[in-house]
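This briefing is meant to be read with the sequence and the coordinates open side by side. It begins with a point of backbone geometry and then moves on to the chains and their helices.

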Amino acid sequence: MSLEQIIFYLFSTILIFSSLMVIISRNPIFSALFLILSFVTCSCLWMLAEAEFLAITLVLVYVGAVMVLFMFVVMMLNIQESVSKEKFIKYLPVGLLVSVSIFVEMWLVLKSKNLVNEVAVSPIRHDANYSNTKELGEVLYTQYMFQFELASVILLVAIISAIALTLRKRKNVKFQDPVKQIHVKKADRVRVVAMKSEKL
Amino acid sequence: MAFDFINIVTVLPEIVLLSMACVVLLIDLYTDSAEESLSYYLTQFTMVIVAAVIIIFAPEKTVLVFDGAYVSDNLSFVLKLSLCLLGFVVFVFSKKLLEDLKLDKSEYYALALFAMLGMMVMISAGNFLTIYLGLELLSLSLYSMIAMQRDSKRSVEVAMKYFVLGAVASGMLLYGISMIYGVTKSIQFDVIHEITMITGQSQLIMIFGLVFIVIGVAFKLGAVPFHMWLPDVYHGSSLPITLFIGSITKIAAFALIARVLVDGLEGLHASWKDMLAILAVLSLILGNIIAIAQKNIKRMFAYSTISHVGFIMLGLIAGNQLGYSASMFYTLVYALMATAGFGVLLMLSKNGIEAENIADLSGLSDRSPLLAVVMLVVMFSMAGVPPTVGFYAKLSVINAIVSSDMIWLALVAVFMSVVGAFYYLRIIKVMYFEKQDIIESVDNSFNERLFIGVNGLTILLLGLYPTTLMMLCSASFK
């Protein structure tokens, strides 16, 4: 077994373990932390497959931004731990049946011989100077321009929906009005009172 | 990629639609809240102008632009045009109830336009990436359109359910696509088509991917056993959104299945034929039988949709031009019928209270003869009674399936149509032969009455003269 394979199997094992723990662990904080672990391991696997741009993005975007937000939400919400467990036993037989049958079916397909021969052509190796990021950048704004624009529209829809679903104009809420704050004058706030000076 | 002018001209309908959606969104900032109907009129204007652009810039032959990401052909022309026309009617019908429910905000119309954009992208998709992005654009807009009715617990619950199941379906679809990509090294439909035509069924991993793609597509179409979300979504969302989901998104769903299975994976027809046959038979049986037990008319329509999806799949199973065009004809006709059916329900709704039980229709012939007649036509058409167009739709699908020597499928379809006729005829019985004690008047604006009348008349006229639409459909598959 080459060093590369050893690294691959090591990270794969960690990935599978941490993904399982995301679902199994009863404390939502642990789940979120295990999700971060699986993202990091996944990005290592991508690095191994010479997809360094994806690997970096995964760490920067998901671990750096999304998961931190997740952690905040989990901490804010104060989710009860015991709720999910009651229904687990109830749905276990059905879930087990479905997952076992899916597993057996996939096993039957994947173990058959004519699956491997034609398909598994190993990808071309690139030398150290090859930049994955540069290659992506070259096709992203040319060949995939249409899809790139579409993705931006999807993000726009996400913004619109997020605002439309959460913005409530409630009455009787105290809030600051920056315009008024800027235009405030000394006379509005400070009242100068003429007083007689008192003698000691 | 050389940046040609033809790229812009070909995608002009989408560009216009996107720009107008942004205008609808922004114009709200500069108008008083009293003039909310401005965004409604802008939306309707958009539908008209996009339809005009589609007709004016219709390409004479199939054009592939943006390195094959976008395809413009007969299929996309017919589907997009019917999308715009039906979209216009859908917005006319839903205006009043949206106002009553205080949903007629510019965000709603903007989201609806973005959903239309997603559908148009799906219709014109030339590769897997484009069709997936179009699908997500459509679904995301739909989820938030349903959830916009925040005070209704049912709507929010349904939006969540739809969101989760939709995400699972997208995951399935993507997994299948990645398998196909792994083998063919391409996401381009025409390239994959060539490869599958040569290799055929020999590569097992292609079929492995195909299974996941079919599951994803069946989820989106609502075929049994992936139908569980459909009755809940129809029931839980408010009627204008049910109308939107129930009618025009079916056109996009057909585009999805036609582009992926026919344009892309036609070489694997022998494999997906059997998968679709199972889905179709189950949908026909379960849809028609469970619809009988429904008291809520929205749920009844949902189960009836499931059975119609079975019919649409039957045409694809035939696997030739006859079958594909029959299936497309059926989809367009179904969208037309569903628009009229839900349109009648929308018009019966008053002050934000929806007409959703079958009992709400009782004595409709006395209250509003026009609505009763339209509903009568719709029900006859859905049941497949001549001379309505539903008859020709069913006939052409069954014709295609019989000519491909799958008579048992045709028998199932005919037999289940007979079962289905029961609950369609029951609606007619309720409308014409049951009297309501208190006669509530139904008042609708002239526009609404005009369009519902035209809609009902179209169903009849297309039944008498189905040739033109049939020819358009068969010209779409060459």
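In which loop of chain A is the place of Glu50(A)? Glu50(A) sits in the loop between helix H2 (28–48) and helix H3 (52–77) of chain A, and the model in which this is seen is a predicted one. The points below take up chain A as a whole, then the backbone features of both chains, and then the helices of chain B.

**Chain A as a whole**

- Chain A contains eight helices and zero strands, and its pattern along the sequence is accordingly written α-α-α-α-α-α-α-α.
- Chain A has a radius of gyration of 28 Å, which is well over the 16 Å given by the globule rule for 200 residues, so the chain is more spread out than a compact globule.
- Taken along the principal axes, the box filled by the C-alpha atoms of chain A is roughly 105 × 55 × 40 Å.
- Of the 200 residues in chain A, 16% are buried.

**Positive phi values**

- Most residues other than glycine have a negative phi, and most peptide bonds are trans.
- Glu50(A) has a phi near 65 degrees, a positive value in a residue other than glycine, and with a relative accessible area of 23% this residue is partly exposed.
- Lys185(B) also has a positive phi, near 60 degrees, and is likewise a residue other than glycine; it is found in the loop between helix H7 (153–184) and helix H8 (189–199) of chain B.
- Lys185(B) counts as exposed because its relative accessibility is 54%, the cut-off for that class being over 50%.

**Cis peptide bonds in chain B**

- The peptide bond that runs from Val224(B) to Pro225(B) is cis, with omega near 5 degrees, and Pro225(B) belongs to the loop between H9 and helix H10 (229–236) of chain B.
- Pro386(B) and Pro387(B) are likewise joined by a cis peptide bond, for which omega is about 5 degrees, and Pro387(B) lies in the loop between helix H17 (369–383) and helix H18 (389–403) of chain B.

**Packing of H9 and H13 in chain B**

- The axes of helix H9 (residues 204–221) and helix H13 (residues 269–292) of chain B come within 10 Å and cross at roughly 35 degrees, and the crossing of H9(B) and H13(B) is right-handed.
- On the H9(B) side the contact is made by Ile207(B), Leu210(B), Val211(B), Val214(B) and Ala218(B), which meet Ser271(B), Trp272(B), Met275(B), Leu276(B) and Leu279(B) in H13(B).
- By class, the residues of this contact between H9(B) and H13(B) comprise nine nonpolar, one polar and no charged.

**Buried parts of chain B**

- Helix H15 (residues 321–348) of chain B has 28 residues and reaches 41 Å from its first C-alpha to its last, close to the 40 Å expected at 1.5 Å a residue.
- H15(B) is mostly covered, with 26 of its 28 residues buried.
- Thr43(B) is placed in helix H3 (residues 37–56) of chain B, and it counts as buried because its relative accessibility is 0%, the cut-off being under 20%.
- With its neighbours within four places in sequence left aside, Thr43(B) is in contact with Val24(B), Phe91(B), Tyr109(B) and Leu113(B).

Key
Residues numbered from 1 in each chain as written. Chains lettered and ligands numbered in written order. Predicted model: local features only at pLDDT ≥ 70, side-chain atom pairs only at ≥ 80, totals over all residues. Heavy atoms only, no water. Helix = DSSP H or I, 4+ residues; strand = E, 2+ residues; numbered from the N terminus. Expected span 1.5 Å × (residues − 1). Buried < 20%, exposed > 50% of the residue type's maximum accessible area, 1.4 Å probe, protein only. Axes fitted to C-alpha atoms, helices over the stretch in contact; angles between N-to-C directions. Left-handed = near helix turned anticlockwise from the far one by under 90°. Contact = heavy atoms within 4.5 Å. Nonpolar A, V, L, I, M, F, W, Y, C, P; charged D, E, K, R; others polar. Rg over C-alpha atoms; globule rule 2.2 N^0.38 Å.
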